[in-house]
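Welcome! Let us walk through this structure together, one part at a time.

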2 protein chains.
Amino acid sequence: MATIRELARHCDVSIATVSRVFNSPELVSQETRQRILEVAVRIGYLPNESARTLATKKSHLVGLVWDTDHRRPGWRHPFLQEILVALKTALSGHGLHLLMLAAADSSGPEARQRFLRAVRRHSLDGLVIIDNGERDPAVLALADAGVPCVALDLRVDGPTSTYVTSDNAGGAALAVRHLIERGHRRIATITGPQQTWPGAERLTGFRAALAGAGLVLPEEYVVEGDFYLDGGHAAMRRLLALDERPTAVFAAGDEMAIGAMRAIVEAGLRVPDDVAVVGFDDIDVAALIPPGLTTVAQDKAGFGTAAAEALVAMLRYGDEPAEPTALPTTLVVRGTT
Amino acid sequence: MATIRELARHCDVSIATVSRVFNSPELVSQETRQRILEVAVRIGYLPNESARTLATKKSHLVGLVWDTDHRRPGWRHPFLQEILVALKTALSGHGLHLLMLAAADSSGPEARQRFLRAVRRHSLDGLVIIDNGERDPAVLALADAGVPCVALDLRVDGPTSTYVTSDNAGGAALAVRHLIERGHRRIATITGPQQTWPGAERLTGFRAALAGAGLVLPEEYVVEGDFYLDGGHAAMRRLLALDERPTAVFAAGDEMAIGAMRAIVEAGLRVPDDVAVVGFDDIDVAALIPPGLTTVAQDKAGFGTAAAEALVAMLRYGDEPAEPTALPTTLVVRGTT
DNA sequence: CTGAAAGCGCTTACAG
DNA sequence: CTGAAAGCGCTTACAG
């Protein structure tokens with residue numbers, strides 16, 4: 001590994017000049033710059049990032065906090081992979097890399113510090129937080145500490161934090177309007193956990209859209225699920241047991257929608273003839289499962305791109321207030337409506 | 001941020017002693033060690049990783065190479081998320097973190113160096129490579145350069161490399177034996193791309209199992225797919241057009257199996273009555289899609305765990321030959337057989 | 001068991 | 001436009 005010193009010797013300049021070529025090239029004469037760059041390639045010089053970080057306090061590393069919930073190790077984001085690809089690509093365009101933070105050693109009084117410590121130790125420039133739906137004190141501690149954070153699907157407040165979500169309320173309204181157009185009047189919903197931001201917003205949008213259309217919503221038409229298959233299944237069974245059962249259901253997540261479909265079929269009913277179903281997310285399975293799940297699609301790559309841009313903006317202009325992003329959703333009509 | 005110097009002053013010792021407490025505690029007297037540790041917690045001292053890396057050349061960082069194929073940006077591993085969780089957890093148990101390497105700037109003559117450069121710049125201790133099915137010269141360059149590597153589903157040779165795969169041939173044999181038990185004699189296969197290791201091995205296992213059972217395999221019963229839905233669909237159509245069509249199909253990937261099922265239904269035939277289908281992977285959809293896809297399940301978490309262990313072994317005992325791992329597979333019987 | 005000192009490879013005012 | 005020098009926060013022989 002060639003060092004800056006060797007490169008400087010080869011070029012008969014000081015290491016300061018070499019350093020400038022890579023950090024403030026405009027300060028170096030055209031000719032000298034060219035020569036140094038050429039020799040750098042020839043001898044295979046690469047600046048040592050640890051040394052740079054030590055000297056500048058900037059690591060060009062962004063931490064990724066992701067499965068923060070140790071109580072639910074099997075937790076999966078519906079489209080983590082798409083987010084990661086987009087995030088990684090967008091960040092690398094700004095010379096930033098992603099460091100995956102392990103959610104290790106989460107017990108004891110210092111659990112609250114667990115991500116903050118990683119930030120300090122590795123001099124992380126910022127953090128991207130993919131929420132699992134629970135408010136983790138270790139995550140909240142980051143905002144307090146003034147670490148630039150952008151959270152996905154989780155409201156994190158603070159002068160150095162912002163968040164990216166879908167337009168959850170608007171998406172729910174899309175689903176409701178679609179069902180009304182199809183002639184439905186008795187529309188129920190299977191919600192996500194209400195302590196989660198997407199869960200709460202989708203219900204808010206659902207209620208508002210029904211009210212806007214002048215339809216009444218019996219309270220027994222609102223059943224809380226857990227975003228998972230079994231929760232959707234159980235919720236649907238309760239809805240089917242009602243005296244006046246709904247003719248359509250908006251499930252606030254595709255997995256729950258699929259669980260609901262299963263419950264409908266098990267009850268000897270048909271989708272969409274007896275009960276129509278609309279989901280939310282547009283995960284891969286939605287298109288694959290017969291007869292195709294009608295659902296509110298989220299802009300999966302948009303999450304990653306928007307998160308990267310929000311973070312870069314904060315790193316660059318730390319004083320600006322960070323505006324939250326709400327990504328537009330679209331309705332994908334398939335066979336279940 | 002407290003530094004080692006401040007901590008040393010607080011404790012009335014030299015910085016060398018403080019350093020030893022964190023690196024070779026057995027060299028420090030019990031009493032001194034205790035005192036330093038207590039004050040460290042109190043003033044919030046955390047060793048600076050950049051400084052450590054600069055001094056020791058070990059970063060405790062493992063690079064993750066993943067979507068190496070820029071020609072196919074939409075490429076998705078069937079179960080990346082499970083692998084990541086397991087990998088991250090296992091690595092963190094050894095004090096290692098994962099750095100996601102962007103596949104950026106992949107053009108020009110230095111494309112071959114693209115991962116190697118990241119290794120050098122960030123002093124990465126090693127690399128985990130999740131293959132996309134193509135041989136990337138930038139990946140091969142790593143093994144040549146003596147970087148500790150462990151690849152998933154890709155054979156990477158070299159004194160500092162090893163790889164983890166499923167027992168692909170054995171898994172294919174499980175599928176074949178199951179179909180034979182179900183009474184099938186005319187068994188076809190939709191293969192993965194033959195330049196990929198899993199694609200080739202699954203076909204090898206398929207052939208061997210049929211031969212072992214004394215069954216003949218007409219060459220037109222072997223159709224190459226691409227691991228994706230459409231490829232499976234197209235391959236199945238060719239099989240159904242045969243004069244003597246097969247009564248069962250082994251698809252070397254679940255997505256292809258689902259595509260095949262679709263082609264069977266489109267042809268007015270039923271699964272499994274007219275044609276039985278077995279897949280490979282056991283992705284989420286396999287259980288969700290009616291009537292449930294019979295498939296060869298891979299040990300998804302095992303990939304991550306085995307990769308971490310192989311890497312740690314190499315980092316620790318660099319001279320030992322690295323034995324490849326073949327993870328056992330299991331047959332999951334559902335409705336398609 | 002402990003300390004003084006050199007060194008890891010950079011960046012960046014400060015001077016010229 | 002360029003160089004000498006101090007400093008970033010650690011580790012680790014070497015001496016005692």
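In chain A, strand β8 (residues 248-251) pairs with strand β9 (residues 276-281) in the parallel sense, over 3 bridges. Here two strands pair if DSSP finds at least two bridges between them, and helices (H or I, at least four residues) and strands (E, at least two) are DSSP runs, numbered from the N terminus. In general, strands of a sheet pair through backbone hydrogen bonds, either parallel or antiparallel. Within this pair, Phe250(A) has Val278(A) in β9(A) as its bridge partner.

Before going further, please note that this is a predicted model, in which local features need pLDDT of at least 70 and side-chain atom pairs count only at pLDDT 80 or more, while totals for chains, interfaces and linings use all residues. Residues are numbered from 1 along each chain as its sequence is written, and chains are lettered from A and ligands numbered from 1 in the order in which they are written.

Now step back to the sheet in chain A. This open sheet has 6 strands in the order β7-β6-β8-β9-β10-β12, with mixed pairing. At its edges lie β7 (222-224) and β12 (330-332) of chain A, each pairing on one side only. From one strand to the next, the twist averages 20 degrees; axes are lines fitted to C-alpha atoms, for helices over the stretch in contact, and angles run from 0 to 180 degrees between N-to-C directions. Helix α10 (residues 229-240) of chain A packs on the sheet, where α10 touches β6 (187-191), β7 and β8 of chain A. The direction of this helix makes about 150 degrees with that of β6(A). Contact means that the C-beta atoms of two residues, placed from the backbone, lie within 7 Å.

Let us move to chain B. Strand β6 (residues 187-191) of chain B runs parallel to β8(B), joined by 4 bridges, and Ile187(B) stands opposite Ala248(B).
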